[in-house]
Protein chains: 2
Amino acid sequence: MTDFSIWIIPSFILIIEREMLKYILLGFIWQKPSTGYELKHALDNTTGNFWHAYHSQVYTTLRKLEEEGLIQTFVENGNDHLTRRVCYITEKGKKALVEWLNDPMIEIPKMKEDLLVRVFFSGLRSIPEIEAELRLQKKLHEQQLALYRDARQSIGADKQIAETKTVKLKPNEHNGDMDPTLTRLLQHATFRFGIAYEEMYIHWLDDLIKELKSVESIV
Amino acid sequence: MTDFSIWIIPSFILIIEREMLKYILLGFIWQKPSTGYELKHALDNTTGNFWHAYHSQVYTTLRKLEEEGLIQTFVENGNDHLTRRVCYITEKGKKALVEWLNDPMIEIPKMKEDLLVRVFFSGLRSIPEIEAELRLQKKLHEQQLALYRDARQSIGADKQIAETKTVKLKPNEHNGDMDPTLTRLLQHATFRFGIAYEEMYIHWLDDLIKELKSVESIV
DNA sequence: TTGGCCATGTAAACAGTTACATGATTGC
DNA sequence: GCAATCATGTAACTGTTTACATGGCCAA
């Protein structure tokens, strides 16, 4: 009559690690020991385009990383007055990042597009109102596109220098630290994504604006 | 010597209303009084592609909408056994949705692209590993694209029938309820966005895979 | 009898945002 | 004297996700 139900072992399902910011910070710290402030700037200038975070979240996530032993931090005030807390990656931290990378994404994340929600229900609005919003969005996306193109140009200059060196990388093998040529290629690709995305967006907006204009003119 | 600092009125900044799910539900309920279960399905089949929500969030958001007086709900068990709580939009709810729509988005939301984060730090991985992940992603995005194309075809059929009717809509004027022709046009456009997005994504993946192959072959 | 669909919720944890809070240095 | 930049954090809140929890109908 003993109840064995307590002994039933739950099935282990592959849990997809999210916690993106954790791994972004680890990646940056691996490249170079940094302070929270520096990491926030690294974020703003690079990955911030596809993964934004506020400084408050950066600091709290760094505390979590330290608690988990993935980084170590030291207050350094070296030659100046300022108290800077510099973060260093630990061996455990390196291992965690590599493991996370080796566990590939097996699904596509759910898209969240605010404007599409508004468009979906804009049958309640007048066409000129909708058009005005779409034109404003077009302007904003054109600005973003210009930013990406500038960024690509500066990276592009680096890349050309890099290409003069020969690539030294065997398949299935890397030395633990990042391969600089491969890294440059991949980071360049993320900017290309940004450009392709904004171009697609602007194109879509143009088409929709045109479509609305033609409906409007019928009246 | 009185301290007047307490009287300083904070400057009022335009707060951009987010709370997307609230307005999505309001929009659907306006179109047709519905239960939480029905709303969850409407979401999954349409706006879920650009704004996902779990059923738990749907139910809690409905409670909030009711508390704010934007909807009214009634338990109905009509001809069957089931207890269904049907939600009806109130005049206040209609006003809230229209006001939200009339307050246009004045910035672009921050992109969140999980894969780009991984690509950005994949200099730590071997090229075949990266390639494998990108090919998997390509497959997943092709599946998503196929889903969008199917959805568009079914909508497209509706649209042709709709186009035989004449459009009756004056600029700056609408009757409170949604204009069916305009709504169809706009909802069709959201599917076109999905298709354009997936095509762009697949294209970008193809380019990156090719680039990696060429780097790999140098070794 | 098993699984799928209908139907509704609560609770806890986690991620992300906004606001609060402080203070030194540097250049105009 | 003022604004910008460097520099670090905490607190409260909102939004999202996961897990818990229940129960009836119907068809294979």
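1. One of the residue pairings here is B:S34 with B:C87, the latter being the bridge partner in β3(B). Please keep in mind while reading that this is a predicted model.

2. Zooming out, the sheet of chain B is open and has three strands, in the order β1-β3-β2, with antiparallel pairing. Because β1 (34-35) and β2 (71-76) of chain B each have a single partner strand, they stand at the edges, and one side of each is left without a neighbour in the sheet. Helix α1 (residues 20-31) of chain B packs on this sheet and touches β1, β2 and β3 of chain B. The direction of that helix makes about 90 degrees with that of β3(B).

3. Now to chain A, where three strands form an open antiparallel sheet, ordered β1-β3-β2. Its edge strands are β1 (34-35) and β2 (71-76) of chain A, each of which pairs on one side only. Six bridges link β2(A) to strand β3 (residues 84-89) of chain A in the antiparallel sense; at one of the pairings, A:E76 has A:R84 as its bridge partner in β3(A). Across β2 and β3 of chain A lies helix α3 (residues 55-67) of chain A, running at about 120 degrees to β2(A).

4. How much area do chain A and chain B bury between them? The value is about 8,600 Å², with 74% of it on carbon and sulfur atoms. In chain A, the residues that lose the most area to chain B are A:F120, A:L124 and A:F193, together 11% of what that side buries. The contact draws 87 residues from chain A and 87 residues from chain B.

5. On the polar side, 24 residue pairs are in polar contact across the interface of chain A and chain B, counting pairs with both residues at pLDDT 80 or more. The salt bridge count between the two chains is two. One salt bridge joins the side chains of B:E211 and A:R192, at 2.9 Å from N to O.

6. Which helices build the side of chain A that touches chain B? At least two residues each come from α1 (20-31), α4 (91-102), α5 (114-120), α6 (127-164) and α7 (180-218) of chain A. Of the contributors, α7(A) gives the most, with 21 residues. By class, this side of chain A holds 48 nonpolar, 19 polar and 20 charged residues.

Terms used: Residues numbered from 1 in each chain as written. Chains lettered and ligands numbered in written order. Predicted model: local features only at pLDDT ≥ 70, side-chain atom pairs only at ≥ 80, totals over all residues. Heavy atoms only, no water. Pairing = 2+ DSSP bridges. Helix = DSSP H or I, 4+ residues; strand = E, 2+ residues; numbered from the N terminus. Contact = heavy atoms within 4.5 Å. Axes fitted to C-alpha atoms, helices over the stretch in contact; angles between N-to-C directions. Buried area = accessible area lost by both parts, 1.4 Å probe. Salt bridge = Lys/Arg side-chain N within 4 Å of Asp/Glu carboxyl O. Polar contact = N/O pair within 3.5 Å; in protein donor to acceptor, adjacent residues only side chain to side chain. Nonpolar A, V, L, I, M, F, W, Y, C, P; charged D, E, K, R; others polar.
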